[in-house]
Amino acid sequence: MVERFLKLVIDILSTPAVLVALISLVGLIILKKPLSEIIKGTTKTFLGFLVISAGANIIVGSLDPFGQMFQHAFNVNGVVPNNEAIVAMALTEYGSTTAFIMFFGMLANILIARFTRLKFIFLTGHHTLYMACMLAVILAVSGLKGVPLIIVGSLALGLIMAAFPAICQPFMRKITGNDNVGFGHFSSLGYALSGVVGKVVGKGSRSTEDIKFPKGLGFLRDSSVTISLTMVVLYVIIALFAGPGYVEGELSGGTHYIVFSIIQGVTFAAGVFVILTGVRLVLAEIVPAFKGISTKLVPNSKPALDCPVVFPYAPNAVLIGFFCSFLGGIVGMVALGLAGAVIILPGVVPHFFTGATAGVFGNATGGVRGATIGAFANGLLITFLPVFLMPVLGDLGFASTTFSDADFAASGIVLGQVAKMFGAAGVTVTVVGLVVLAVVFGLFKRNKKTNDSNQIGA
């Protein structure tokens with residue numbers, strides 16, 4: 001019975017569509033909206049996230065053969081960072097602990113948003129699950145058990161869920177033109193890096209969305225057309241290197257390899273189109289609904305949403321960012337090979353989602369140059385950081401794989417090193433101390449603001 005309940009909790013909290021629909025429902029109820037508006041807003045939010053998930057699945061499905069063709073064509077072997085793979089391995093032993101940390105971590109996130117200046121409520125459920133799982137493993141190995149393990153893990157998760165969106169928020173204001181939505185995807189360090197790089201290199205560079213095309217190529221102003229044609233060319237080139245025998249024998253089910261490549265390239269563009277549609281639908285519903293929570297429960301809070309939320313603001317940067325991040329991954333792979341280190345193969349899926357997002361962040365601060373160089377820097381970051389995380393995971397019994405996103409690596413490296421040096425007590429003091437500092441700083445700022453207001457009023 002307990003196992004069934006835990007499975008229900010994990011399935012609800014790790015499914016973005018269900019989680020965000022519940023948040024929308026609560027927000028609309030708090031706002032005392034009519035029943036018809038509550039039903040409509042909740043349903044459209046649910047629908048929008050299912051549309052986004054469907055688009056993401058289309059993209060992942062089209063990128064999978066691309067990754068296989070790339071590895072076959074260039075005969076490279078190494079570790080492909082994969083969040084799902086390592087979490088699936090860990091949940092067999094730490095499933096119950098992960099579920100409790102995830103549930104209470106989300107409550108901790110709300111409390112931290114309420115009592116600190118980190119006003120973000122993280123709503124990307126599957127990333128919450130992955131982070132909860134990593135924390136469960138690291139803290140358990142450090143020596144924590146039972147209730148203390150769940151308390152420390154929940155506090156750590158709640159703090160991480162509020163802190164990383166805060167790192168991205170200055171760039172989100174630049175991208176969206178307002179302060180209504182936060183960013184909730186655990187590769188924030190790569191996105192912030194891209195934004196900073198854009199500031200440094202992008203002075204005078206025009207936006208990716210202002211690229212001028214000759215009159216005869218005016219059709220390229222349509223991002224769907226541009227993405228389709230570009231991806232088709234890329235697929236065909238990789239298929240030529242992989243060879244018709246491999247593509248038709250292993251991937252296409254006998255379909256001519258050029259035809260297969262064209263279909264996959266346009267399918268990728270279709271996935272992007274579906275995601276953009278879903279994002280617009282969700283933003284139209286979740287932002288007004290979240291005002292109920294922001295006004296009543298957690299004043300001034302913002303929903304932190306998954307990376308596709310920024311794609312509509314710069315569709316050209318999405319494509320540029322993917323290419324440049326993947327190129328950064330290739331350069332990083334070669335550098336690791338020359339250095340004799342563990343080779344991290346560029347995973348096409350993580351490089352698309354993090355690279356595309358990094359492109360949007362870089363474009364916001366530095367135009368075309370920011371999108372290009374910033375996304376390339378992101379590609380290097382998510383190639384090298386997992387190398388430093390692998391020794392920590394190896395000590396935990398997961399030497400053959402690693403996480404693919406920057407924030408997992410950074411959090412895992414820091415907590416893993418603290419646990420290694422100071423044990424359970426050191427981890428507990430570190431996590432609790434950081435939460436207390438965040439609360440004290442928030443109260444200090446609030447009191448200072450109140451005093452300043454009183455002095456002005458006097």
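Residues are numbered from 1 along each chain as its sequence is written, and side-chain values use heavy atoms, with hydrogens and water left out. Because the model is predicted, local features need pLDDT of at least 70 and side-chain atom pairs count only at pLDDT 80 or more, while totals for chains, interfaces and linings use all residues.

Start with α2 (16–30). Helices here are DSSP runs of H or I with at least four residues, strands are runs of E with at least two, and both are numbered from the N terminus. The expected span of a helix is 1.5 Å times one less than its number of residues. For the 15 residues of α2 that gives 21 Å, and the end C-alpha atoms are 21 Å apart, so the two agree. Several residues of α2 are buried, among them Pro16, Leu19, Ile23, Gly27 and Ile30. Buried means under 20% relative accessible area, exposed means over 50%, and partly exposed lies in between (1.4 Å probe, protein chains only). An α-helix has 3.6 residues a turn, so residues three or four places apart point the same way.

Just after α2 comes lysine 32, with a positive phi of about 60 degrees. Lysine 32 is not a glycine. It lies in the loop between α2 and α3. Its relative accessibility is 75%, so lysine 32 counts as exposed. Asparagine 300 also has a positive phi, near 70 degrees, and is a residue other than glycine. Asparagine 300 sits in the loop between α10 (257–296) and β3 (302–305). Its relative accessible area is 57%, so asparagine 300 is exposed.

Three strands form an open sheet in the order β1-β3-β2, with parallel pairing. The edge strands are β1 (120–122) and β2 (182–183), and each pairs on one side only. Strands pair if DSSP finds at least two bridges between them. Two bridges join β2 to β3, and these strands run parallel. Phenylalanine 183 stands opposite leucine 305 in β3. Helix α6 (residues 146–176) packs on the sheet and touches β1, β2 and β3. Contact means heavy atoms within 4.5 Å. The direction of α6 makes about 115 degrees with that of β1. Axes are lines fitted to C-alpha atoms, for helices over the stretch in contact, and angles run from 0 to 180 degrees between N-to-C directions.

Next, the aromatic rings. A pair of aromatic rings is described by the distance of the centres and the angle of the planes. Rings of Phe, Tyr and Trp (its six-membered ring) pair if their centres lie within 6.5 Å; planes under 30 degrees apart count as stacked, over 60 as edge-to-face and the rest as tilted. By this rule the count is 20 aromatic pairs. One of them joins phenylalanine 66 and phenylalanine 326, edge-to-face, at 6.1 Å centre to centre and 65 degrees between the planes. Phenylalanine 66 lies in helix α3 (residues 35–74) and phenylalanine 326 in helix α11 (residues 315–339), so the pair ties together parts 260 residues apart in sequence. Both phenylalanine 66 and phenylalanine 326 are buried.

Phenylalanine 322 and phenylalanine 352 have ring centres 5.5 Å apart and planes at 80 degrees, so this pair is edge-to-face. Phenylalanine 322 is buried at 2% relative accessibility, and phenylalanine 352 is buried at 1%. Ring pairs also join residues into a cluster, including Phe66, Tyr235, Phe268, Phe322, Phe326 and Phe352.

Helix α11 also holds leucine 327. Leucine 327 is partly exposed, at 45% relative accessibility. Its C-alpha atom is separated by 8.7 Å from that of proline 346, 19 residues apart along the chain.

Helix α12 holds alanine 377. Alanine 377 is buried, with a relative accessible area of 14%. Leaving aside neighbours within four places in sequence, alanine 377 is in contact with Leu193 and Val197. Val197 is one of the buried residues of α7, as are Ser188, Tyr191 and Ser194. The 14 residues of helix α7 (residues 188–201) should span 20 Å, and its end C-alpha atoms are 20 Å apart, which agrees.
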